Amino acid sequence: MYDGLKPNDNYFDLPKYSLEYNQKIKEKLYEGLEEDFHIRMLVRPSFDAEYIFQVDRDIKNYEAESFVVRFQKAKSSLWYAEENYKKVNVKKYQAQINKEDAELLTKAFGKVAQTTRYERNDLLMFDGTNYLLSTFVSGIGEISGNVQSPDGGEIKELIDVVENLIKQTVSKKEIKLSEESKNILTHIIKQIEKNPTSADYELMSRIVKVIENNKEGYCSKLTESNKLHVEDALQVIQDPKQFAYYHFDKSTLKSFIEGIEEEFIEFNTFNEDEKAEMLKNGREIEKEENIENSIFKLILKEFD
């Protein structure tokens, strides 16, 4: 449910297969990249070739105000190449980007990366695309975080901006941010920097009260799987620190809760044949009244 970045895996905690895979990526994709980068995005799809995008100073030309973009992509998946990975070729592209665009992109990366944190998640994702976003933040150093196939929000917007730059890098020697991309990056920065107002905290106080007064009674009626899911969702919603961390405004918070409610309804919606099969296999089906009168509807009334 947390749509922010999560911490990168600890090298010493990696299982052997992950360690070997990461070593292949490091050996093949990182070759020729500068270590002192401004931003870097490593992309690892489940079934496609891995690639990396990086922006750093153009040290070779000794121009402090000049920035270079590097995009390097394997011709085929390093994951599936296994022991033959050394035969996989890497296509390399390079282009110039102006100082203003490079610094705006770096600032947006820095703001997003600083929201990286651990978050409870009982859902394990093995498919999809993993994005590792890394950057250098003055006073902090190099920081990074992972996200798995984001489907919306500021991180998805940031990744889309980078993907647009990648397309340019393949065909141009000089690339630039479009006005739309600049507006997106500026919006991301402002959203993360924005402080909650007294009205925001008042709204959160009412929401927390609704949850505290109804959570136990409502969750006690649910099937075990739904109970865990709803409890996790409510924990995400009611945590004031999380609200401040995300800097939700009223409309964004409402949309977030509506999305959770829609997922809850979809997860528990079955046709008659599906219900019969589930009952035959001993699976529990949620009562219609618990779906129709969910605690999420009660929370959403606070926005009226």
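# Note on the predicted model

1. E82 lies in the loop between helix 2 and strand 4 (90-97); helices (H or I, at least four residues) and strands (E, at least two) are DSSP runs numbered from the N terminus. The model is predicted, so local features need pLDDT of at least 70 and side-chain atom pairs pLDDT 80 or more, while totals for chains, interfaces and linings use all residues. Residues are numbered from 1 along each chain as its sequence is written, and side-chain values use heavy atoms, with hydrogens and water left out.

2. Phi of E82 is near 50°, a positive value in a residue other than glycine. E82 is also partly exposed, with a relative accessible area of 46% (buried is under 20%, exposed over 50%, partly exposed in between, with a 1.4 Å probe and protein chains only). For context, most residues other than glycine have a negative phi.

3. S149 is another residue with a positive phi that is not glycine, the value being near 40°. The loop that holds S149 runs between strand 6 and helix 4. With a relative accessibility of 30%, S149 is partly exposed.

4. The chain has 304 residues, and 45% of them are buried. Along the principal axes, the C-alpha atoms fill a box of roughly 65 × 50 × 35 Å.

5. N164 and E286 are 122 residues apart along the chain, and their C-alpha atoms are separated by 44 Å. N164 belongs to helix 4 (residues 153-171) and is partly exposed at 35% relative accessible area.

6. Aromatic pairs number 6 in the structure (ring centres of Phe, Tyr or the six-membered ring of Trp within 6.5 Å; planes under 30 degrees apart are stacked, over 60 edge-to-face, the rest tilted). Y11 and F12 form an edge-to-face pair, because their ring centres are 5.3 Å apart and their planes stand at 85°. Y11 is partly exposed, at 49% relative accessibility, whereas F12 is exposed, at 73%.

7. Y17 and W79 also pair edge-to-face, with ring centres 6.2 Å apart and planes at 85°. Y17 sits in helix 1 (residues 16-29) and W79 in helix 2, so this pair ties together parts that are 62 residues apart in sequence. Y17 counts as exposed at 51% relative accessibility, and W79 as partly exposed at 37%. Ring pairs join Y17, Y21 and W79 in a cluster.

8. Helix 2 covers residues 78-81 and includes Y80. Y80 is partly exposed, its relative accessible area being 46%.

9. The second largest pocket has a volume of about 530 Å³. A pocket is an open set of points on a 1 Å grid over the protein atoms alone, where a 1.4 Å probe fits, with protein on both sides within 12 Å along at least five of seven lines; lining residues have an atom within 4 Å of a point. Points are joined across faces, edges and corners, and the volume is the space filled by probe spheres set on them.

10. Which residues lie nearest the centre of the second largest pocket? They are N8, N22, K26, Y30 and L132, out of 21 lining residues. Helix 1, strand 1 (37-45), strand 5 (129-137) and strand 6 (141-148) each supply at least two residues of this lining. Helix 1 gives the most, with 5 residues.
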